[in-house]
Amino acid sequence: MKKIFALLLSMTMILALLPLTSQAQEKYIVGVAFQTVSSDTEIQKQYYTDELGPALGMEFIFSESIKDTESLVTFIENCYAKGAVGIINFYTAGRGRGAEVADQYGMYFITQASKLDDATLDLEYNLGNCGASVDGMARAYTAAMESVLADGENHSVIMCTTAAVGQVAASHYYSTQAMLETMQNKYNLTYSKSIDEIINTDSPGEVDTGNPDIKIFLVPGTDNDKTLATISTPLQSGDYDIFIAVSSYANYTSAIAEVERAKNMDIKVVATASIEAQTMTGFNTQDPLGNPILNAVILNPLNVANAFCASAIYNALNGGAEALKDADGNAAQLFVNPWPCPDAETYANIAKLDTEHDTYVINADDLQRLLITSNPDASHDSYAEYLMELADIDAIIAQKIK
């Protein structure tokens, strides 16, 4: 009888534990809406899947390239149908509409952008933005521009300003502003329009600099194929010896090399880049004249933003949505500072980061600082403080690279 009772008791305990075990194994499903899909996207996916997922109990659904707001809405709806509880959004132009749709479905929503959508700040499920520091990007591009202009010669520049128009990406706007101001100060240029008007011109074209020896050609737009077609004519003129992209540069290297070879000229390249093989290749590959393809980059530490975005959603799901919001309970902005990288030697050290658990700038251990379940004092202010610490790339290398 005692044996039967003991057996029944054991079975009862096992049955009682089953729901808990099932619940413990249940994962939060979170959609990640990428604006573009490239080699650095694959690195980010690996970080989400291998490091953030296990640490936060999350499973991620990754989009293809999101080209318009309608595609973003469709992705959000598909994620909801699959049980998703949150969206990390990279498509900045659709952040307002995306936040509205996510709110309707009760899904937490956060965007990697540098400017908030004022119309959706008070939505319950909108957690705001975590994106590139506009001040940091402006300082970095000022320094990069001063470096390439330092030889005292006249230089003319093609600038791909991507989403600067209307500050769809505020970091793009302020990076472009900083470069135009640096050119203006260096060469005493007299623009015929205000810098704001120049940046916010939808159509590509040459800027009236007031100096026939200094040319500036601006190319706005996020469609890489259109940009490539647009830069062809000014590049082939041989008038421009600096090429700058406030986003990825890789799509344009072949066209640049072709002109360098045909015109026997060196075109210096400065761009925003990520920690990935393509950036290393750019620094270590020579153009037709024996110069590095890349002359300087401003590194945007995307996995830092990814960690903060995923942590914000985790906190919200665990009763801490206010951790990222401002004092009034509205969606707020966090800024990630860029890492200036002036040469291949500097990049060789930075490239050792974000490859595995020990070298991730924010690994599963570091992540605990961001989570209200392990750090009840986690807040918007503590997040901002941590992001300022992460601006010191030398300190990060010393800590992570043994």
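Predicted model: local features only at pLDDT ≥ 70, side-chain atom pairs only at ≥ 80, totals over all residues.
## Helix α10

Helix α10 spans residues 277-284. Its buried residues are Thr279, Gly282 and Phe283. They lie on the same side of α10, because together they cover an arc of only 95° around the axis. An α-helix has 3.6 residues a turn, so residues three or four places apart point the same way.

What covers this buried set? Strands and a helix contribute: the cover includes β10 (268-273), β11 (296-299), β13 (339-341) and α12 (344-350).

## Strand β11 and its partners

β11 pairs with β10 in the parallel sense, over four bridges. Within this pairing, valine 270 has alanine 296 of β11 as its bridge partner.

Isoleucine 298 stands opposite proline 340 of β13.

Side chains of β11 go two ways. Ala296 and Ile298 point one way, Val297 and Leu299 the other. Are these residues buried or exposed? All four are buried.

## Threonine 41

Threonine 41 belongs to helix α2, residues 39-56. Its relative accessible area is 1%, under the 20% cut-off, so threonine 41 counts as buried. Leaving aside neighbours within four places in sequence, threonine 41 contacts Phe34 and Thr36.

Notes. Residues numbered from 1 in each chain as written. Heavy atoms only, no water. Buried < 20%, exposed > 50% of the residue type's maximum accessible area, 1.4 Å probe, protein only. Arc of directions from axis to C-beta. Contact = heavy atoms within 4.5 Å. Pairing = 2+ DSSP bridges.
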